[in-house]
Amino acid sequence: MEVKQRDLLYRLMISQLFYDGHQQLAVNLASMVKAHPACPPSDRLLKVLKLGLKAEEDETGEKTFKSEYITPGAGIDLEFETDVQTISPEAALYETCYVTAHKSACRVGVFHPSGQLIATGSDDTSIKILDVERMLAKSATPPEVIAQETPQQAMENHPVIRTLYDHNGEITTLDFHPHHQILASGSKDFSVRFFEYSKPSVKKAYKSIQEAAEVRTLSFHPGGDFILVGTNHPTIRLYDVNTFQCFVGRNPNDQHQAAVTCAKYSPNANLYTTCAKDGHIKIWDAVSGLCINTFKNAHDGEEVCSVQFTRNSKYVLSSGKDSLVKLWELSTNRCLIVYTGAGTMGKQEHRTKACFNHTEDYVLFPDEKTTSLCCWDSRNAERQRLLSLGHNGIVRCINHSPTGPAFVTCSDDNRARFWYRKADSD
């Protein structure tokens with residue numbers, strides 16, 4: 001019996017190698033094990049592996065890629081929802097709790113998966129890491145109390161817990177490692193750098209990757225062992241975080257035709273999505289590295305600026321320079337919802353991004369001309385009240401906390417603003 005199963009295992013391995021495009025390996029293995037009849041290309045081994053991992057997970061209670069952090073609510077799932085009561089606050093109920101200033105335009109702000117830290121990056125080449133609890137405490141402390149703090153107390157209570165300097169160009173992208181105290185940064189200086197921020201004295205990166213073009217986007221694999229890198233070159237790169245070996249898809253026709261603007265892994269780690277200046281959105285198999293779908297001219301041929309998966313990995317939210325935000329359903333390969341009403345005062349000139357709130361009840365998107373925040377009900381695309389963002393420049397980045405009612409906005413006015421749900425609003 002076991003001999004037959006082992007024979008089937010080898011046949012499945014050969015079929016999987018053929019399916020994944022490793023013809024020579026498949027042929028070599030087939031001749032070594034004398035596979036007869038010939039094995040056709042098949043994806044069955046991967047499917048069996050996934051089922052096996054799930055069964056093992058059910059048996060041991062261990063999840064392969066479980067998040068350590070609790071995300072509130074069920075998230076958006078239009079296959080099963082009909083009438084959902086929204087419990088989270090709309091964007092108009094948030095207020096600024098803290099403002100941090102860089103010496104030049106602030107380009108990027110991201111949350112740690114726990115929602116407890118924020119990292120911001122600037123055109124001045126600096127990166128700041130801020131503590132969310134300290135920002136909230138600072139905003140709740142009367143000015144006269146803050147004025148009486150000793151220098152030691154001021155340092156201990158200061159929301160900026162790290163300032164990192166190791167790039168020679170604008171910081172364009174940041175991402176926190178999902179499990180370790182590591183922050184990855186990408187820059188116009190053609191490099192990706194890795195900072196271990198657990199040590200207060202650390203200002204420099206412990207490792208860097210030299211790229212061939214300006215780095216535009218980064219995304220850690222949910223397991224933390226790989227990182228996607230998108231640059232001004234159309235080919236998406238994948239690096240092993242431990243060995244820093246670089247991988248690229250074997251089919252050149254899969255790649256974009258212009259600079260990659262955003263790349264994001266799906267929370268279940270099965271897929272990743274990319275978008276680019278060529279106007280296309282691509283969905284990739286995260287195991288084989290093959291492009292499995294392309295939404296061509298996703299925003300009427302305009303540059304696509306941002307993409308992100310929903311928590312259940314079933315949908316992708318995108319934004320483009322046509323000032324539209326769209327929700328794409330992956331099971332049917334179609335645009336399901338269009339969120340309209342931003343950009344009524346003319347075409348968008350600069351790149352920005354759209355995001356969900358922490359419960360995926362709302363979609364948020366900054367309007368370039370008015371520097372106000374557009375907010376929609378994610379399920380029916382109803383416009384909510386606008387929120388004035390109070391910046392004196394274009395808002396180039398917005399990211400919402402994954403765990404609570406907070407978001408960060410970054411602007412050309414050199415500032416990053418931390419927003420939190422007003423406690424006293426009705």
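In which strand does isoleucine 337 lie? Isoleucine 337 lies in strand S21, which covers residues 334-339, where strands (E, at least two residues) and helices (H or I, at least four) are DSSP runs numbered from the N terminus. The structure is a predicted model, in which local features need pLDDT of at least 70 and side-chain atom pairs count only at pLDDT 80 or more, while totals for chains, interfaces and linings use all residues. Residues are numbered from 1 along each chain as its sequence is written, and side-chain values use heavy atoms, with hydrogens and water left out.

**Confidence**

- The mean pLDDT of the protein chain is 89, and 92% of its residues reach 70 or more; pLDDT is the predictor's confidence in each residue, on a scale from 0 to 100.
- Among the elements of the chain, strand S6 (residues 171-176) has the highest mean pLDDT, 98, whereas helix H6 (residues 151-157) has the lowest, 81.
- Where pLDDT is low, the predicted coordinates should not be read in detail.

**The chain as a whole**

- The protein chain has six helices and 28 strands, and its C-alpha trace spans about 85 × 50 × 45 Å along the principal axes.
- The radius of gyration of the protein chain is 23 Å, which agrees with the value near 22 Å that a compact globule of 426 residues would have; the radius is taken over C-alpha atoms, and the globule rule is 2.2 Å times the number of residues to the power 0.38.
- Of the 426 residues in the protein chain, 52% are buried, where buried means under 20% relative accessible area, exposed means over 50%, and partly exposed lies in between (1.4 Å probe, protein chains only).
- Among contacts with a separation of 6 or more, 51% are between residues 24 or more positions apart, a contact meaning heavy atoms within 4.5 Å.

**Two residues and their distances along the chain**

- Isoleucine 337 is buried, because its relative accessible area is 11%, and its C-alpha atom is separated by 29 Å from that of threonine 235, which is 102 residues apart along the chain.
- Glutamate 302 lies in the loop between strand S17 (291-295) and strand S18 (304-309), and it counts as partly exposed because its relative accessible area is 26%.
- The C-alpha atoms of glutamate 302 and serine 401 are separated by 28 Å, and these two residues are 99 residues apart along the chain.

**Positive phi in two loops**

- Most residues other than glycine have a negative phi.
- Alanine 269, in the loop between strand S14 (260-265) and strand S15 (271-276), has a positive phi near 70° although it is a residue other than glycine, and alanine 269 counts as buried because its relative accessibility is 6%.
- Threonine 371, in the loop between strand S23 (362-367) and strand S24 (372-377), is not a glycine but has a positive phi of about 45°, and threonine 371 is buried, with a relative accessible area of 17%.

**A glycine and its contacts**

- Glycine 249 is placed in the loop between strand S13 (246-247) and S14, and it counts as partly exposed because its relative accessibility is 24%.
- Leaving aside residues up to four places away in sequence, glycine 249 touches Gln255 and Gly289.
- Glycine 249 and glycine 289 are 40 residues apart in sequence, while their C-alpha atoms are 5.4 Å apart in space.
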